[in-house]
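These are my notebook entries on one structure. I recorded each item as I looked it up.

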Amino acid sequence: MKYYYIIFAFVLAIAISAYSNTTYVSVVEPYNATILNNGSIFLGKVGPGEPFYITILSSTKNSSGAVFDYGWNRLVAYGLPPGWVAVNSSLNNPKLSAEITAAPYAMNGTYKFYLKAIDNYLKLGNLTFVAFVNVTPNVFNMKVYPENISVGPGQPATIYVGINNTGVSDSPFIINTYGIPAWNLSETVIAPHSTSKSFSYRIYAYDPGMYKVHLLVNSSVSPLVNKEANITLLVQATVPNDYEAIGNGALAFPNVYAPTYAVMYLIDKLSKYV
């Protein structure tokens, strides 16, 4: 029986040795993975119309185990679904990135295409593998706070927008709000793939009243990738709010009282540190 174990161990050692000396591709974006020839990789989620990158290291080794820093000279994508666009990598860099853009109105579902790591000089042969990616507009989560804000006329109200990018695209997001008269300011922010970021966004209203503010966050390259939130903004003239509004250059009372309220604003600020 012990001979069977010896033979099994010998065969296993050969298999491990053969595997360890096999030419491979080291994927580093959108995450780390090692791919063999004719292998496959699931990249994650992407919104319709969004671009994303597949990046590999140029280093590899041949079947004898010899390591080559520039074994791969280019990464090429092919066999893409209709309407998709690929930009192949540049030549002879330590990292080789191919950019893929999903069709603008690609239906939800899993799509596949092929990638080829090309060796131009060392006779390693080319390495081909298949990539899968799931197309869905649900590629980020959003949290907005506070949902109810009370400020004075002209006083800035700060909204915090948390974005958790669960997709593979690094495309920027655009924050917009609607519902405040004469207010139309957008901000572009970046939350790279697989990260969570919080952004501050300020709004103003100069006339007292209650405003139903509609906040919209969408991908800068795909209108189909978006999320919404509703915020209630109460603008009213109270003594603390008036002091704060004066400090932001918005007077709630006639200009003749400006010097008086400027002093009151200063007293209000100093009182917070006493």
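Which residues does Asn73 touch, not counting residues up to four places away in sequence? I found Ser90, Leu91, Asn92, Leu96, Ile118, Asp119, Asn120 and Tyr121, where contact means heavy atoms within 4.5 Å.

Entry 1, basis. I am working with a predicted model, in which local features need pLDDT of at least 70, side-chain atom pairs count only at pLDDT 80 or more, and totals for chains, interfaces and linings use all residues. I number residues from 1 along each chain as its sequence is written, and side-chain values use heavy atoms, with hydrogens and water left out.

I located Asn73 in the loop between β6 (67–68) and β7 (74–78). For these labels, helices (H or I, at least four residues) and strands (E, at least two) are DSSP runs numbered from the N terminus. Asn73 counts as buried because its relative accessibility is 1%. I use buried for under 20% relative accessible area, exposed for over 50% and partly exposed for values in between, with a 1.4 Å probe and protein chains only. I then checked Leu91, which is 18 residues from Asn73 in sequence, and the C-alpha to C-alpha distance is 5.5 Å. The side chain of Asn73 also reaches the backbone oxygen of Tyr70 at 3.4 Å. I count a polar contact as a pair of N or O atoms within 3.5 Å; within protein, one must be able to donate a hydrogen and the other to accept it, and residues adjacent in sequence count only if both atoms are side-chain atoms.

I traced five strands in the order β2-β1-β4-β9-β8, with antiparallel pairing. Because β2 (33–36) and β8 (85–87) stand at the edges with a single partner strand each, one side of each is left without a neighbour in the sheet. The twist averages 30° from one strand to the next; axes are lines fitted to C-alpha atoms, for helices over the stretch in contact, and angles run from 0 to 180 degrees between N-to-C directions. Two strands pair if DSSP finds at least two bridges between them.

How many bridges join β4 and strand β9? I recorded seven, in the antiparallel sense, with β9 spanning residues 95–101. Pro51 stands opposite Thr101 in β9. Strand β1 (residues 24–29) pairs with β4 (residues 51–57) over two bridges, also antiparallel, and Val27 faces Ile56 of β4 as its opposite residue. I noted that β4 is mostly covered, as five of its seven residues are buried.

I found a cis peptide bond between Glu29 and Pro30, with omega about 10°; Pro30 belongs to the loop between β1 and β2. The bond from Tyr145 to Pro146 is cis as well, with omega near -10°, and Pro146 lies in the loop between β12 (140–145) and β13 (148–151).

I next looked up positive phi values. Asn38, a residue other than glycine, has phi near 65°. Asn38 lies in the loop between β2 and β3 (40–46) and counts as exposed at 65% relative accessibility. Asn92, not a glycine either, has a positive phi of about 55°. Asn92 sits in the loop between β8 and β9 and is partly exposed, at 33% relative accessible area.
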